[in-house]
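Reader: Could you walk me through this structure? I am new to it and would like to ask a few questions.

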Amino acid sequence: MAATARCEEIANQKFSQLILDEDWLALEEAVQIGPAQGFGKRLSSILSTYLSKYDIEATIYFDEGARNSKRQLLESKALDFVYPAYMTMLGHVRSKALEDFKVRLEQSLNKGRGFATYVRICTHSSMLEFDKGCADAAVIQANWDASRVREKLQRDIDAHASSVCSAKLSELNVNYEQQLSASLTGPVKTLLETGGKDIWASIRKLLNRETEVTISEFSTVVADFELDEATIAEMLQHLRDYSRNVVEKKAREEATKIMIHMKDRFSTVFNYDSDSTLRVWTGKEDITSITKDARSASMKLLSVMAAIRLDEQPGHIEKVLFSSLMDGAVTVSSSQDREIGASVDPFASSNWEEVSSKNTLITPVQCQSLWRQFIAETENSVTQAISAHVHFITSLTLRLTSVCFHFHLSSAPSRINGFCFS
């Protein structure tokens, strides 16, 4: 009992001295600020000093059993005391390894493609760095397990890599969306405004071509990320949907300006000839034919912008509009009505036959109303042309009459009342 008491007293004394040791206090202060170089060796040396002092004093006076028992308690108590500093040191090692991973990954990605490969290389380097740091922080007297801190580092690295991956994929997605917008918006606008033959077939061809080019380029780049097939398929489908939405959005936008487009087209065809030369109404022009051509060109625009047709639906809209509004009131029957021999007013519906409501841009009723407005707003141009036509003929007639009058005066001056009329 005396041996046990004396050994316990010595152990407590050495522990008290350890707590106030200047080297320990300096090391503890250093590790609170940041990584302490040679932490494991320094701490092991401090612990070894006080354990050795205990061994010397206890060995002189007391038996081995009492001495070893209290030595183990001293060592356990000392290790518990310094353990928080050790964990702080591991925290610094983990943080540095993580920051180095971030820097290395960013530098690697700046070199070019290969995201997944760079992540693996940088992860391996950082984990080796952490393991080296753990070895440097290891205390000889302890058998502390750093696996949980290592696992946390791995999770942090994975989380950062995932975040960077998401950001890079988002950036790629935006870039290719912009590429699709640039390659589709302008050409689609031009095609819609031309109102030529098979416009929607041309738009479908343009859409398919530009989409597949973008999909091919995107697939090559995204392969570097080594994503699962389902994720890649989802991203590719997003781009396909986006490209279609670009076309649909542009079509809807242009449909809201249909009256402007129709009047511009009418003005172009009516006031300029096939050589883009401004017409001069000389009296030789067939105003009725020119007016019909100009209105037909405008009607073509209206039929093109009445509905989105990206799925190769039958084109009945143009036929309905021309037969009902250009050529006169002709009823057009639906497929069901044709079977039973009945006919319906083509403008009595809010949708076009075989066109869904979401693809309808200008309803039949709206087309009828727009056409009436268009006729009213362009009638003045026709009237002015007819007036110019009549004025030119009248002026020409008067000039010819005047020429004949002067001719007769000069050739037969005695015939004062001689006039010539054409």
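Author: Here are some questions and answers on the helices, a few residues and the cysteines.

This is a predicted model, in which local features need pLDDT of at least 70, side-chain atom pairs count only at pLDDT 80 or more, and totals for chains, interfaces and linings use all residues. Residues are numbered from 1 along each chain as its sequence is written, and side-chain values use heavy atoms, with hydrogens and water left out.

Reader: How many helices and strands are there in the protein?

Author: Helices (H or I, at least four residues) and strands (E, at least two) are DSSP runs, numbered from the N terminus. Read from that end, the elements run α-α-α-α-α-α-α-α-α-α-α-α-α. The count for the protein is 13 helices and 0 strands.

Reader: How many Å does helix H6 reach from its first C-alpha to its last?

Author: Helix H6 covers residues 147-194, which is 48 residues. The expected span of a helix is 1.5 Å times one less than its number of residues. For H6 that expectation is 70 Å, and the helix comes close to it, reaching 70 Å.

Reader: Are H1 and H4 roughly parallel or roughly antiparallel to each other?

Author: Helix H1 (residues 2-19) and helix H4 (residues 64-109) pack with their axes 9 Å apart, at an angle of about 25 degrees. Axes are lines fitted to C-alpha atoms, for helices over the stretch in contact, and angles run from 0 to 180 degrees between N-to-C directions. Angles under 35 degrees count as roughly parallel, over 145 as roughly antiparallel, 65 to 115 as roughly perpendicular and the rest as oblique. H1 and H4 are therefore roughly parallel.

Reader: With which residues is Thr4 in contact, leaving aside its neighbours within four places in sequence?

Author: Thr4 is found in helix H1, and it is among the H1 residues that meet H4. Contact means heavy atoms within 4.5 Å. Thr4 is 65 residues from Ser69 in sequence, yet their C-alpha atoms are 8.4 Å apart in space. With those neighbours set aside, the contacts of Thr4 are Ala66 and Lys70.

Reader: Is Arg295 buried or exposed?

Author: Arg295 is found in helix H10 (residues 287-305), and among the residues it touches are Phe266, Trp371 and Glu379. Buried means under 20% relative accessible area, exposed over 50%, and partly exposed in between (1.4 Å probe, protein chains only). At a relative accessible area of 18%, Arg295 is buried.

Reader: How many residues of helix H11 are buried?

Author: Helix H11 spans residues 317-326 and is mostly covered. Its buried residues include Ile317, Phe322 and Met326, and Met326 is also one of the residues that Arg295 touches. Of the 10 residues of H11, the number buried is 8.

Reader: To how many disulfides does the count come?

Author: A disulfide is a covalent bond between the sulfur atoms of two cysteines. Here the rule is a pair of cysteine sulfur atoms within 2.5 Å. Cys122 is buried at 3% relative accessibility, and Cys367 is buried at 0%. By this rule, the number of disulfides is 0.
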